[in-house]
Amino acid sequence: MSGASWPALDRAHVWHPYTQHATAGDPIAIARASGAYLYDPTGRPILDAISSWWVTLHGHAHPVIAEAIAEQARTLDQVIFAGCTHEPAARLASELAGRLPAGLERIFFSDDGSTAVEVALKIALQYWRNRGTPRRRVAALEHAYHGDTFGAMSASGRGLFTAAFDQQLFAVDRLPAADGEVETALERLLADGGSDLAAVIVEPRLQGAGGMRVWSAESLRAVRRLTREHGVLLIADEVLTGFGRTGPLFATGGAEVVPDLICLSKGLTGGLLPLGVTAATNELFEAFAGADRRLTLFHGHSFTANPLACAAGRASLALLDEACAGRRAAIERAHRAGLARLDGHPRVRRPRVLGTMAAFDLDGGRGYLDPVGPRLTRFALDAGVLLRPLGDVVYLLPPYCVTPEELDSVYGVVARFLDTLDD
């Protein structure tokens, strides 16, 4: 098929993520991208209202980040990071430490959000072993999603995504993801078996793939208070929420919470290259240092701290300035105005906004496999908008370069779709 078109080659050879190939039809062909828009091979613009799976922070093909990658590629493209180092990684680590909640000084690089969570879980469990007081239990929230590798799946809520592997996942103490209830349940868990609890892992303020569920800063602070009082580590999975998605630069920082470990990816490079980070306190780092080499964190990736990705990360981080904060605030205002347009529609339930994320549930929905999700995706695509609902949960999470007028047009598309549901 060497002379075939590239969409035909895709049909013949590619296995897409989260796709049932027997029923999904052809994927959307994208030839290029710029700013808030994707373009198909005919040149038709498609507004990317979901930041291409929440990674595109400042806009597609951002010239500042693209130039940083190109310049780095002419100097150093890749080097083993076990035993070697390079300037982009060292400077990115320092710049991240300067922006993260105070005390998260040590940066471990990996490849993506799932691996950042794997690293955090391994650090938390081995920390207690290295101290000579092993703890084996981990607690996580209901409806959690932390990734698709085995440790990340174990910490995630059990359901459709994990069902095929339930027998292979390690047990996790599950806490209710509801304000007030999570504190009570954690207090009870700590009273009953806190001495064997190594860590609690949460998505601070916003549970993404679990349904764009918002929970309060007060509950997050209560979780931090209880874990600190009982000497339990707190892992904050900010893979989605980091870099301004919920308003503040980090959701934990906005809640005045300092976790022991924080996981980052998605917007870390502005969405141009894959990169993951697990940031830890120096106290955790020191527990892995010593003459006994068995204390070592035996974890790594072939592309750990890839110089091109680190250069992209530095450029993206520099773009998170006051002007960017203003654009994020404008997005939040546009979301609130857009949801107000939908207020009162009989199919709209639980509208919610947190920073640059807006979502609502469809009344009468049937969960992640509800066919209404693919229906909305097709309807929006015909109108020049990329949406990918989480089943019966409709959400918008645009790049920061989107304008209020563009977001208003997206809400108009959603409103027209809602009117078709009663046909």
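I looked up aspartate 260 and found it buried, because its relative accessibility is 14% (buried is under 20% relative accessible area, exposed over 50%, partly exposed in between, with a 1.4 Å probe and protein chains only). I note that this is a predicted model, where local features need pLDDT of at least 70, side-chain atom pairs count only at pLDDT 80 or more, and totals for chains, interfaces and linings use all residues. Residues are numbered from 1 along each chain as its sequence is written, and side-chain values use heavy atoms, with hydrogens and water left out.

Next I checked the partner of aspartate 260. Aspartate 260 forms a salt bridge with arginine 224, with 3.1 Å between the closest N and O atoms (a salt bridge is a side-chain nitrogen of Lys or Arg within 4 Å of a carboxyl oxygen of Asp or Glu). The two are 36 residues apart: aspartate 260 is in the loop between α9 (251-254) and β11 (261-264), and arginine 224 is in helix α8 (residues 217-229) (helices are DSSP runs of H or I with at least four residues, strands runs of E with at least two, numbered from the N terminus). Arginine 224 is buried too, at 6% relative accessibility.

I counted 16 salt bridges in the structure. One of them joins arginine 11 to aspartate 26 at 3.4 Å, N to O. Arginine 11 lies in helix α1 (residues 6-13) and aspartate 26 in the loop between α1 and β1 (32-34), so this pair ties together parts 15 residues apart in sequence. Aspartate 26 is exposed, at 53%.

I then turned to the cysteines. The count of disulfides is 0 (a disulfide is a pair of cysteine sulfur atoms within 2.5 Å). Cysteine 84 is partly exposed at 33%, whereas cysteine 310 is buried at 0%.

Last, I looked at a helix pair. Helix α4 (residues 87-99) and helix α11 (residues 307-318) pack at about 35°, with axes 9 Å apart (axes are lines fitted to C-alpha atoms, for helices over the stretch in contact, and angles run from 0 to 180 degrees between N-to-C directions). The contact of α4 with α11 has 9 nonpolar, 1 polar and 4 charged residues (Ala, Val, Leu, Ile, Met, Phe, Trp, Tyr, Cys and Pro count as nonpolar, Asp, Glu, Lys and Arg as charged, the others, Gly among them, as polar). Among the residues that meet are Leu92 in α4 and Cys310 in α11 (contact means heavy atoms within 4.5 Å).
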